[in-house]
Amino acid sequence: MNFLVIGLGIFFSIISAAILAYISIATMIGPWIAPTIVLITSMLFKILKKPSSSIQARQEIVLIQAIASGGGIIATGIGFALPMLYFLDPITFKQWLANPWYFCTIISTISFAAGALGIWIGQSISHKLLVEDKLPFPVSQLTYNVITSQAQSQQAKSLTIGLVGTGLFCALRDGFLHIRGIIPKTLTFFPSIFGQDVAIAASPILFALGYTTGLAVTIPLLVGMISKYLVLLPLNYHADYLPVHLFPVLTHEAFATAFCSGLVLSEVIAGSLRYPQALFNGIKKSLGFLNTHRANKTNPFSTLSSKSPTPNKFFDNLSQILFRIEPFIALSSFFIFFWYFKFSLISQVTMLVFMILATYHISIIGGKIGQVQLGRFSTFIMIPMILLFKPSFMQLTMICVFFHVCAATATDLLFDYKTGQFCDLEEKRVHRAQWIGLIAVSLCIGGILWLLFTHLQLGSADLFAQRGKSKALLIQTLSFNQYVIFFGFLYGLILKKFKISPTMTFGGIIMPNSITLCLVLGGLISLLPKDKDRYLPLCSGIFASESLWILISILLKRLC
């Protein structure tokens with residue numbers, strides 16, 4: 001691993017963290033960034049006259065991607081969970097932000113500690129999932145296809161158009177330095193009839209996200225938006241036309257919040273009928289991977305491919321040392337972190353067991369279908385902890401953030417191992433790359449999040465934090481009107497009957513219509529081309545450009 005690989009990997013790790021930190025909080029989606037990193041790296045290699053068709057170049061591209069993609073998925077895990085503290089305990093959250101050094105230290109520590117545990121778990125189960133079970137890991141196949149694609153030039157052009165075009169659009173919309181923007185941030189239609197209810201945000205990233213996720217995600221959002229007017233509004237004013245009076249008329253926000261708590265509760269209860277059995281099966285399977293791990297201890301990095309030579313004895317020795325101390329680093333970081341937040345020893349041990357089992361099962365699902373289902377499994381860790389140990393809001397947030405990062409890192413490592421397998425790359429080299437990426441993102445992610453939280457309002461259209469809000473609503477369920485919660489719960493069960501996600505519907509209810517309509521229009525646009533995948537690089541360029549534009553604008557405001 002040479003300095004070019006390490007340097008580019010660290011640079012893209014920081015960029016990935018910045019992009020996905022914003023996307024994961026501003027929307028409810030965390031797209032995979034690995035194919036984008038691979039495409040950009042291939043473009044750079046062509047500029048440097050390093051043909052990406054050679055075996056060595058492909059291996060270096062995989063290593064750069066392995067360093068960088070961890071930054072994106074860790075930022076996504078934190079972005080999904082950390083805002084719940086703002087909705088549960090805003091005073092504590094604001095106190096953290098008031099002390100930037102403390103905030104950045106906490107976020108950096110949890111990133112490193114949870115990432116270390118995730119890498120250790122991922123390495124421990126890699127032989128079981130990759131060699132014995134031979135799981136396909138579809139994102140790894142997609143990443144490898146991008147590396148070897150004959151259409152790289154066309155993809156690179158699409159990516160560049162997305163980057164440059166979105167950057168120019170954002171400059172015309174927001175202005176630059178002392179120049180004012182000329183494009184309105186929101187376009188309203190028929191205001192004399194609908195007021196502000198029919199509007200779209202001038203945000204390319206929302207259309208791109210809708211295109212990428214398709215109608216499977218955007219249709220529930222549309223159902224949620226329509227439900228605001230056809231379900232929630234009549235229920236809130238039921239006493240005006242029915243002889244019963246179950247609850248007083250509430251403000252729209254208060255009623256929607258309580259109703260959505262019922263929606264989230266229905267999703268959790270419906271899921272709880274299925275996932276505990278899956279976790280139980282995971283317990284039995286986990287005994288197999290632990291035995292495998294012990295059996296391979298003499299050769300810890302049981303290579304998935306042995307064709308690539310070890311480039312440097314120093315790095316080889318470093319791998320051996322790292323493997324020996326990795327369990328100590330992972331476990332000691334875990335216990336020290338939760339000891340600082342005043343968790344009892346028995347609660348820490350209980351939580352560790354739950355996290356290992358849930359991470360293992362998430363990795364299996366990720367290996368089969370390419371999705372990392374952080375939210376559902378963090379709920380199944382959070383609820384037993386609430387019942388057994390009654391943690392504070394801050395402690396609950398730390399549990400969710402830690403688990404998200406741990407599970408995300410373990411899954412990302414396995415995806416990288418699989419990509420390396422396609423390129424005949426030794427597992428231990430990918431393992432080192434993951435550690436480099438973890439250290440890099442741990443040092444910068446706190447600062448990135450602090451900039452976002454201090455310059456954009458959490459809970460607003462700019463930084464909506466739907467995932468964090470849904471977790472907070474689940475915890476706050478008991479404090480809301482029970483009739484409203486019941487109606488939300490019942491509506492959630494009806495939606496499940498029609499195979500519509502209550503959680504996604506909740507997003508359409510809570511989010512401003514201008515955001516929902518953009519996502520839905522993006523989903524509809526995805527139906528137009530015969531080959532949807534052809535325009536995914538364009539969407540990747542849009543993701544990167546608008547996310548970086550937001551952060552660069554914040555930095556310029558602070559400096560100028």
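Phe137 sits in the loop that links helix H6 (100-132) to helix H7 (138-148). The model is predicted. In this model, phi of Phe137 is near 45°. That value is positive, and the residue is not a glycine. Phe137 has a relative accessible area of 0%. The cut-off for burial is under 20%, so Phe137 counts as buried.

Lys390 lies between helix H16 (374-389) and H17. Its phi is about 50°, although Lys390 is not a glycine. The relative accessibility of Lys390 is 67%. Exposure requires over 50%, so Lys390 is classed as exposed. Thus Phe137 is buried, whereas Lys390 is exposed.

Helix H17 spans residues 393-422, and helix H15 spans residues 345-369. The axes of the two helices come within 9 Å. They cross at roughly 40°. The crossing of H15 and H17 is right-handed.

Residues on both helices build this contact. H15 contributes Met351, Met355, Ala358, Thr359, Ile362, Ser363 and Gly366. From H17 come Ile399, Phe402, Phe403, Cys406, Ala407, Ala410, Thr411, Leu414 and Phe415. By class, the contact of H15 with H17 holds 12 nonpolar and four polar residues. No charged residue takes part.

Another site involves Tyr483. This residue belongs to helix H20, which covers residues 482-497. Beyond its neighbours within four places in sequence, Tyr483 is in contact with Leu246 and Phe247. The C-alpha atoms of Tyr483 and Phe259 are separated by 9.0 Å. Along the chain, Tyr483 and Phe259 are 224 residues apart.

The chain as a whole gives the setting for these sites. The protein chain has 560 residues, and 57% of them count as buried. It contains 23 helices and two strands. Among contacts with a separation of 6 or more, 83% join residues 24 or more positions apart. The protein chain exposes about 24,100 Å². Carbon and sulfur atoms supply 68% of that area.

Note on methods. Residues numbered from 1 in each chain as written. Predicted model: local features only at pLDDT ≥ 70, side-chain atom pairs only at ≥ 80, totals over all residues. Heavy atoms only, no water. Helix = DSSP H or I, 4+ residues; strand = E, 2+ residues; numbered from the N terminus. Contact = heavy atoms within 4.5 Å. Axes fitted to C-alpha atoms, helices over the stretch in contact; angles between N-to-C directions. Left-handed = near helix turned anticlockwise from the far one by under 90°. Nonpolar A, V, L, I, M, F, W, Y, C, P; charged D, E, K, R; others polar. Buried < 20%, exposed > 50% of the residue type's maximum accessible area, 1.4 Å probe, protein only. Areas by Shrake-Rupley, 256 points an atom, 1.4 Å probe, with all protein chains shown as cover.
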